[in-house]
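Welcome! Open the model in your viewer, and let's walk through it one selection at a time.

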Amino acid sequence: MLTPVTMGTAYRRVCDIVGLRATSTGWGMIHCVDAQGKRWTLATADVEYVAVLAANAANMDLADMEMPGSKFPWRREGWPDDWLSPAAQPGDSAN
């Protein structure tokens with residue numbers, strides 16, 4: 001989760017680095033891999049939705065799970081550790 005509660009004073013800075021608009025409730029983020037093996041980070045303003053997914057992930061078959069685009073309007077290729085390269089560019093912004 002990328003929220004003011006979980007990130008504390010670093011929240012706004014992390015949002016800037018990731019390319020998300022800071023909000024009072026924060027963002028739920030999911031790291032996934034598509035059918036071609038590309039890594040993606042998805043984000044939603046519905047933090048509770050991601051919390052429920054995370055809490056139940058061990059009991060779910062995640063291999064063929066599709067994340068609804070309407071629920072995750074922000075997406076960026078790669079995972080946060082991939083974005084540290086100088087060539088990395090911010091993804092779509094959910095402003």
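Start with the surface view: the chain's accessible surface is about 6,200 Å², and carbon and sulfur atoms make up 55% of it. These areas come from the Shrake-Rupley method with a 1.4 Å probe, and for residues only the protein chains shown count as cover. This is a predicted model, in which local features need pLDDT of at least 70, side-chain atom pairs count only at pLDDT 80 or more, and totals for chains, interfaces and linings use all residues. Residues are numbered from 1 along each chain as its sequence is written, and side-chain values use heavy atoms, leaving out hydrogens and water.

Now switch to cartoon. Helices (H or I, at least four residues) and strands (E, at least two) are DSSP runs, numbered from the N terminus.

**The sheet**

Select the three strands. They form an open sheet in the order E1-E2-E3, with antiparallel pairing; two strands pair if DSSP finds at least two bridges between them. Strand E1 (28–33) and strand E3 (74–77) are the edges, each pairing on one side only. From one strand to the next, the twist averages 20°. Axes here are lines fitted to C-alpha atoms, for helices over the stretch in contact, and angles run from 0 to 180 degrees between N-to-C directions.

Zoom in on E1 and strand E2 (residues 39–44), which pair over six bridges. Show side chains and look across: Met29 is opposite Ala43 in E2, while Ile30 is opposite Leu42. In the hairpin between these strands, which has five residues between them, pick Gly37: its phi is positive, near 85°.

**Helix H3**

Next select helix H3 (residues 47–56). H3 packs on the sheet and touches E1 and E2, its direction making about 50° with that of E1; contact means heavy atoms within 4.5 Å. Which residues of H3 are buried? Colour Val47, Val50 and Leu53 to see them. Buried means under 20% relative accessible area, exposed over 50%, and partly exposed in between (1.4 Å probe, protein chains only). They lie on the same side of H3 because they cover an arc of only 125° around the axis, taken from the directions from the helix axis to the C-beta atoms. E1 and E2 are among what covers the buried residues of H3.

**The cores**

Hide the cartoon and show Leu2, Tyr11, Cys15, Val18, Leu20, Trp27, Met29, Ala43, Trp74 and Trp83: these 10 residues are the largest nonpolar core. Such a core is a set of buried Ala, Val, Leu, Ile, Met, Phe, Trp, Tyr and Cys residues joined through side-chain atoms within 4.5 Å. Helix H2 (residues 11–18) gives the largest share, three residues. Centre on Ala43 and, setting aside residues up to four places away in sequence, look for its contacts, including Leu20, Trp27, Met29 and Trp74. A second, separate core has five residues, among them Ile30, Leu42, Val50 and Leu53.

**Last stop: Thr3**

Finally, select Thr3, in the segment before helix H1 (4–7). Is Thr3 buried or exposed? Thr3 counts as buried because its relative accessibility is 7%. Beyond its neighbours within four places in sequence, Thr3 contacts Gly8, Tyr11, Thr25, Gly26, Trp27 and Val47.
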